[in-house]
Each structure stands twice: as C-alpha cells, then as structure tokens.
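Hi there,

Here is the structure I promised to pass on to you. Have a look at it first, and then read on for what turned up.

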Amino acid sequence: MTTIEYNHCVDTHADGVYRFILKNIKDKDKAGDIVQDAFVKMWEKVRNITFEKSKSYLFTAAYHTMIDYIRKDKNNKSPDDLGKFDRGHESGYSDLKEILDEAVSRLPEIQRSVLLLRDYEGYSYKEIGEITNLNESQVKVYIYRARIFMKNYLVSIDHVI
C-alpha cells in the first residue's frame with residue numbers, strides 16, 4: 001500500500017473504527033488511543049497490506065487492541081470502580097437510544113463486538129470471523145444470542161421504565 005492509499009484509508013475508515021470501539025468501551029479517550037494504535041500497527045505493516053484489505057486489517061487491529069486494553073483494565077480495577085458502570089435507570093423514562101445503549105452494554109464482550117460489526121458497521125459473517133478469529137458458525141451463534149438478549153431486554157417493561 002502506498003502512502004497516498006494509507007492516507008485515504010485513514011480518511012475513509014477512521015470514523016467507523018472509532019464508532020465501533022467507542023460503542024464497545026464507552027470511553028472517548030481510550031477509544032481514540034485504540035484507534036491510533038490500530039493505525040500505527042497498520043503503518044508498521046503498510047508494505048504487506050493491500051489497499052483492498054486495509055479496512056479489514058484496520059478493524060482487526062483495532063478489535064485486538066481493544067481486547068488488550070480491556071484485559072489490562074480488568075487487572076487494574078480498584079474495588080471502588082466495580083459498581084461505577086452498573087447504574088440502571090434511576091430517572092425513570094429514557095429515550096430509545098439510551099435504552100439500546102444500555103442493552104448493548106450488558107451483552108458479553110464477544111456478543112457485543114460481533115453484533116456491532118454486523119448491525120452497525122455492516123460486515124458480512126465471513127469478515128466478522130476474520131476480524132475476531134471466529135468461524136462463521138460461531139459468529140452466527142453469537143449474533144443470534146445477542147439479538148435474543150436484546151429482544152428479551154427491550155420487551156421487559158422493567159428495563160424500559
């Protein structure tokens with residue numbers, strides 16, 4: 001890949017990768033760091049990547065970098081941080097976006113990632129499998145389970161009110 005193609009890849013895919021990572025970890029600063037690290041990894045391998053595969057490589061690098069950040073954060077959590085993210089809906093009614101975000105945040109990490117790649121970013125099952133190192137059958141199962149959870153979560157009046 002040439003420098004011009006790399007710059008075009010940055011311009012074209014940076015927002016999509018950032019949205020995907022931000023939806024998963026809910027921290028703007030960390031999401032920016034992860035995206036930047038993914039582009040650095042891509043730059044280091046720029047001679048081995050074709051422009052046609054750059055989007056897939058970028059999402060894969062960002063996904064694996066995000067997993068590393070999550071694992072590192074799990075090891076560094078203090079007891080004070082444990083209840084910080086489990087807030088529920090104290091204020092009563094919430095708009096649909098907040099309810100969907102809450103439902104997505106309650107999914108297990110792998111289900112959240114494959115669901116976001118499929119439904120938010122539009123990747124095929126095969127591409128998601130390449131990004132997450134899963135086979136297509138596993139991807140389909142995780143997406144199915146995530147959608148079932150979302151359906152059950154969203155039809156429960158307790159979660160909406």
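Which residues in helix 7 are buried? In this predicted model, they are Val 139, Ile 143, Ala 146, Met 150 and Tyr 153. These five cover an arc of only 95° around the axis, so they sit on the same side of helix 7. Turn to the other side of helix 7 and you will find Ser 137, Tyr 144, Lys 151 and Val 155, which are exposed.

Helix 7 runs over residues 136-155, 20 residues in total. From its first C-alpha to its last it reaches 28 Å, close to the 28 Å expected at 1.5 Å a residue. Where helix 7 starts, Asn 135 has a side-chain oxygen within 3.0 Å of the backbone nitrogen of Ser 137.

Now for the backbone in two of the loops. Most residues other than glycine have a negative phi. Lys 26, however, has a positive phi, near 60°, and is not a glycine. You will find Lys 26 in the loop between helix 1 (3-25) and helix 2 (28-44). With a relative accessible area of 42%, Lys 26 is partly exposed.

Asn 133 is another residue other than glycine with a positive phi near 60°. Its place is the loop that lies between helix 6 (125-132) and helix 7. Is Asn 133 buried or exposed? Asn 133 is exposed, at a relative accessible area of 59%.

Enjoy exploring it!

Best wishes

Definitions and conventions:
Residues are numbered from 1 along each chain as its sequence is written. This is a predicted model: local features need pLDDT of at least 70, side-chain atom pairs count only at pLDDT 80 or more; totals for chains, interfaces and linings use all residues. Side-chain values use heavy atoms; hydrogens and water are left out. Helices (H or I, at least four residues) and strands (E, at least two) are DSSP runs, numbered from the N terminus. The expected span of a helix is 1.5 Å times one less than its number of residues. Buried means under 20% relative accessible area, exposed over 50%, partly exposed in between (1.4 Å probe, protein chains only). The arc is that of the directions from the helix axis to the C-beta atoms. A polar contact is a pair of N or O atoms within 3.5 Å; within protein, one must be able to donate a hydrogen and the other to accept it, and residues adjacent in sequence count only if both atoms are side-chain atoms.
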